[in-house]
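Here is a quick walk through one protein chain, written for someone who would rather look at side chains than read tables. Keep the viewer open as you go.

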Amino acid sequence: MQAQTNVLNFWENYLAEIGVLKAATMHTYDDGLGYRPRPPHAVGPTLEILQGVRFRQTLQLMKFNPDSGRAEPIPLAEGTKARMQIRKRPRHQVDITLRHDESGRESTRTIALTEDESEALDAAPEEDHESLLKGFESMRNGFNELAAEISRNSSDG
């Protein structure tokens, strides 16, 4: 980060010298407990626990203070207990709606993605979600079942 800050300052100074910018801004890098933006598509903290190995975790609740530009501890009232629940991540669910043009009937089906598909969707940038969804087997199966259901219903009535 220090090197990137130096490069940024160099270019700001250079662009100010040649007249592209009116004035250069001096950027600094702080190693303190300041605000750290989460990288895009990051999924938050993860813990790995091994069976048979004693586990002890300490968490400090913090709040960003815009005046100081730092994260500061949040004081809890005496006797306050914080509870944490560990649960399996829910699968993504996607609604597919198909419309039969001749009859005008619409049918919707909710497709639950598999755990692997959900993880792949979470890891991908948002602009890639549509193409990823089209390639998932559970989506193809759900689409085919829904299309067959509409075909049956339209031929029945």
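## A greasy patch

Which residues form a nonpolar patch on the surface? They are V7, F10, W11, Y14, I18, V20 and L21, and together they have about 680 Å² of accessible area. A patch here is made of residues with over 30% relative accessible area and no salt bridge, where nonpolar side chains (Val, Leu, Ile, Met, Phe, Trp, Tyr) are joined within 5 Å and like charges within 9 Å. Accessible areas come from the Shrake-Rupley method with a 1.4 Å probe, and for residues only the protein chains shown count as cover. Before going on, note that this is a predicted model: local features need pLDDT of at least 70, side-chain atom pairs count only at pLDDT 80 or more, and totals for chains, interfaces and linings use all residues. Residues are numbered from 1 along each chain as its sequence is written, and side-chain values use heavy atoms, with hydrogens and water left out.

L21 counts as partly exposed because its relative accessibility is 30%. The cut-offs are these: buried is under 20% relative accessible area, exposed is over 50%, and partly exposed is in between (1.4 Å probe, protein chains only).

## The chain as a whole

The protein chain has 4 helices and 4 strands, in the order α-β-β-β-β-α-α-α along the sequence. Both kinds of element are DSSP runs numbered from the N terminus: helices are H or I with at least four residues, strands are E with at least two.

Of the 157 residues in the chain, 14% count as buried. The chain exposes about 13500 Å², and carbon and sulfur atoms supply 50% of that. Among contacts (heavy atoms within 4.5 Å) with a separation of 6 or more, 42% are between residues 24 or more positions apart.

## Helix 1, face by face

Helix 1 has 16 residues, which should span 22 Å at 1.5 Å a residue; its end C-alpha atoms are 23 Å apart, so the two values agree. The expected span is 1.5 Å times one less than the number of residues. Inside helix 1, T5, N9 and E12 are buried. Looking down the axis of helix 1, the buried residues fall within an arc of 60°, so they line one face of the helix. That arc is taken from the directions from the helix axis to the C-beta atoms. As background, an α-helix has 3.6 residues a turn, so residues three or four places apart point the same way.

The face of helix 1 turned away from its buried side carries the exposed residues A3, Q4 and E17. Just after helix 1, G19 takes a positive phi of about 90°. Back on the buried side, T5 counts as buried because its relative accessibility is 9%. Leaving out residues up to four places away in sequence, T5 touches H27, T28 and Y29.

## Salt bridges

How many salt bridges does a search of the whole structure find? The search finds 3, each being a side-chain nitrogen of Lys or Arg within 4 Å of a carboxyl oxygen of Asp or Glu. R109, E145 and E149 are linked in a network. E145 pairs with R109, with the closest N and O atoms 3.0 Å apart. This pair links distant parts of the chain: E145 is in helix 4 and R109 in strand 4 (residues 106-112), 36 residues apart. R109 also meets E149 in a salt bridge (2.6 Å, N to O). Here too distant parts of the chain are linked, with R109 in strand 4 and E149 in helix 4, 40 residues apart.

What about E130? E130 forms a salt bridge with K134, the closest N and O atoms being 3.5 Å apart. E130 and K134 are separated by about one helical turn because they are 4 residues apart in helix 3 (residues 129-135). Both E130 and K134 are exposed.

## I150 in helix 4

I150 has its place in helix 4 (residues 137-156). I150 is buried, with a relative accessible area of 10%. Not counting residues up to four places away in sequence, I150 touches L98, H100 and S107. I150 and R105 are 45 residues apart in sequence but 8.2 Å apart in space, C-alpha to C-alpha.
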